[in-house]
Amino acid sequence: MRILDIIENKKNKKELSKEEIQFFIKGYTSGEITDYQAAALIMAMYLNGMSNKETADLTIAMAYSGDTLDLSSLNEIIVDKHSTGGVGDKVSLILLPIISSLGVPVAKMSGRGLGFTGGTVDKLQSIPGYNTNLTTEEFIKQVKEIGISMISQTLNLAPADKKIYALRDSIACVDSISLIASSIMSKKIASGAQKILIDVTVGSGAFMKNIKDAKKLASEIIEIGKLANRETLCVLTNMDEPLGYAVGNNLEVIEAINFLKGEVMPEDLKKVVLELGAYMIKLAGKGENLENSKQAMLESINNKKAYNKFLELVKHQGGDTSYIENVENFEKAKFMKPIYSEKSGNIAKINAEEIGKLANFLGAGREKMEDKIDDAVGIVLSTKVGRKVQKDDVIAYIYANDMNKLELASEKIKDIIKITEDPVRKNKMILDVIM
Ligand code: URA
């Protein structure tokens with residue numbers, strides 16, 4: 001077999017065989033196939049599209065291109081949860097301790113944030129001492145002992161995806177639905193879960209900007225799940241404005257802790273947490289009725305079981321629990337500035353991508369994987385789409401460590417938070433469920 005013939009076939013719109021796809025993935029992972037040959041093939045896949053079979057074959061080949069995690073010794077159904085990315089998305093930090101406190105085991109490997117979206121690992125690492133780098137043995141032992149572990153991807157999982165994702169990023173081929181579906185599912189399959197729940201985010205702060213594309217992505221994901229024998233369910237959630245109020249690592253962790261303590265539960269965040277949680281409980285075989293599961297989740301917040309589970313998680317992974325017990329301990333940014341509304345009206349739009357980029361400008365995110373994040377900076381909104389505001393009401397707070405950036409961000413955020421005189425409906429959070 002020759003890579004040149006495989007490129008030629010895809011260029012001429014022929015469906016690639018499983019063997020051809022495996023040959024490409026093996027050769028590219030080992031370095032025998034060059035970046036320019038891989039770029040040509042990926043571009044042909046992008047332009048000519050992929051059949052369901054090609055997408056599934058690509059996914060499986062990438063999933064088995066490196067290490068795979070075997071979770072069978074846990075003797076329980078493990079459900080993995082993954083979000084296609086968002087701004088202010090602290091759902092995993094809240095949801096996973098809740099369901100763990102209800103007896104659903106959680107063995108979660110998360111990624112870092114890139115571009116305008118945040119990553120769960122960065123948020124966990126903003127808790128002083130929290131170790132995201134457990135060995136596989138420690139990870140599994142902890143799940144057995146306390147029913148939850150949340151770590152970063154320490155294993156060499158799906159290395160082909162890592163290489164191809166970086167390549168796609170450099171040749172403007174990220175936004176292909178088939179390539180996104182296979183990229184996500186290859187990592188999920190490699191990480192060993194039997195059942196998979198994907199939060200497909202939709203809107204300005206997500207990869208999928210509209211519901212039509214999100215549905216297409218969800219059905220490709222489901223199709224791959226079927227062919228790979230992993231029960232998969234997609235919940236389409238709104239990511240047009242940031243989720244909850246806080247954007248930035250410390251600020252988001254504080255919001256998650258306050259939620260788990262039952263002190264402040266932003267309505268949009270609560271809807272997403274409860275819906276995804278109810279489906280995870282169902283997939284794990286621990287509760288068929290979604291409404292009952294939502295009630296049980298709220299109860300675990302009220303009786304502090306969910307919060308105590310989070311404390312236990314942090315303690316087992318070496319984190320300083322005094323930060324959880326008293327969020328005032330988290331490092332503060334040097335400057336905090338309230339932003340006042342310049343007019344009265346209704347909040348029409350808070351573009352999530354723009355807010356994510358603004359938080360990054362303050363230092364809360366990274367453009368390249370090597371960049372360092374400033375955990376203390378970010379934005380806390382004081383309003384949501386659909387709410388009324390009066391002139392001079394506080395609409396947001398900016399947290400910054402650099403005075404110039406603070407001033408620039410304070411101006412910019414006034415353009416991002418759009419106010420209209422017309423009535424505006426708040427965003428619907430759960431847009432669809434596809435299984
Ligand atoms: N997330 C991934 O893991 N892969 C993609 O291609 C896009 C989003």
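**Questions on a predicted model**

Student: In which helix is T29 found?
Tutor: This is a predicted model, in which local features need pLDDT of at least 70, side-chain atom pairs count only at pLDDT 80 or more, and totals for chains, interfaces and linings use all residues. Residues are numbered from 1 along each chain as its sequence is written, and side-chain values use heavy atoms, with hydrogens and water left out. Helices (H or I, at least four residues) and strands (E, at least two) are DSSP runs, numbered from the N terminus. The run of residues 18–30 holds T29, and that helix is α2.

Student: Is T29 buried, partly exposed or exposed?
Tutor: Buried means under 20% relative accessible area, exposed means over 50%, and partly exposed is in between (1.4 Å probe, protein chains only). The relative accessible area of T29 is 26%, so T29 is partly exposed.

Student: Which residues does T29 contact, leaving aside neighbours within four places in sequence?
Tutor: Contact means heavy atoms within 4.5 Å. With those neighbours set aside, the contacts of T29 are S65, P159, A160 and K163.

Student: How far is the backbone oxygen of I25 from a polar atom of the T29 side chain?
Tutor: A polar contact is a pair of N or O atoms within 3.5 Å; within protein, one must be able to donate a hydrogen and the other to accept it, and residues adjacent in sequence count only if both atoms are side-chain atoms. Between the backbone oxygen of I25 and the polar side-chain atom of T29, the distance is 2.5 Å.

Student: Let's turn to the ligand. Which helix gives the most to the shell around the ligand?
Tutor: A residue is near a molecule if one of its heavy atoms lies within 4 Å of it. The residues around the ligand are Y165, R168, I180, S183, I184, K187 and F207. Both α8 (159–170) and α9 (177–190) supply at least two residues of this shell. With four residues, the helix that gives the most is α9.

Student: Why is α16 described as largely enclosed, and how many of its residues are buried?
Tutor: The helix spans residues 352–362, and its buried residues are A352, E353, I355, G356, L358, A359, N360 and L362. Their cover includes β6 (246–247), β8 (345–350), β9 (378–381), β11 (394–400) and α17 (403–416).

Student: Which are the edge strands of the four-strand open sheet?
Tutor: Two strands pair if DSSP finds at least two bridges between them. The sheet has the order β6-β9-β11-β7, with antiparallel pairing. Pairing on one side only, the edge strands are β6 and β7 (335–340).

Student: What is the bridge partner of M336 in β11?
Tutor: Six bridges join β7 and β11 in the antiparallel sense. The partner of M336 in β11 is Y399.

Student: Which residue of β3 stands opposite M109?
Tutor: In β2 (residues 106–110), five of the five residues are buried, so the strand is largely enclosed by the rest of the structure. Covered on both faces, β2 has V106, K108 and S110 on one side and A107 and M109 on the other. Five bridges join β2 to the parallel strand β3 (residues 148–152). Opposite M109 stands I151.

Student: Where is A158, and what phi does A158 have?
Tutor: Most residues other than glycine have a negative phi. A158 is in the loop between β3 and α8 and is buried, with a relative accessible area of 1%. Although A158 is not a glycine, its phi is positive, at about 45°.
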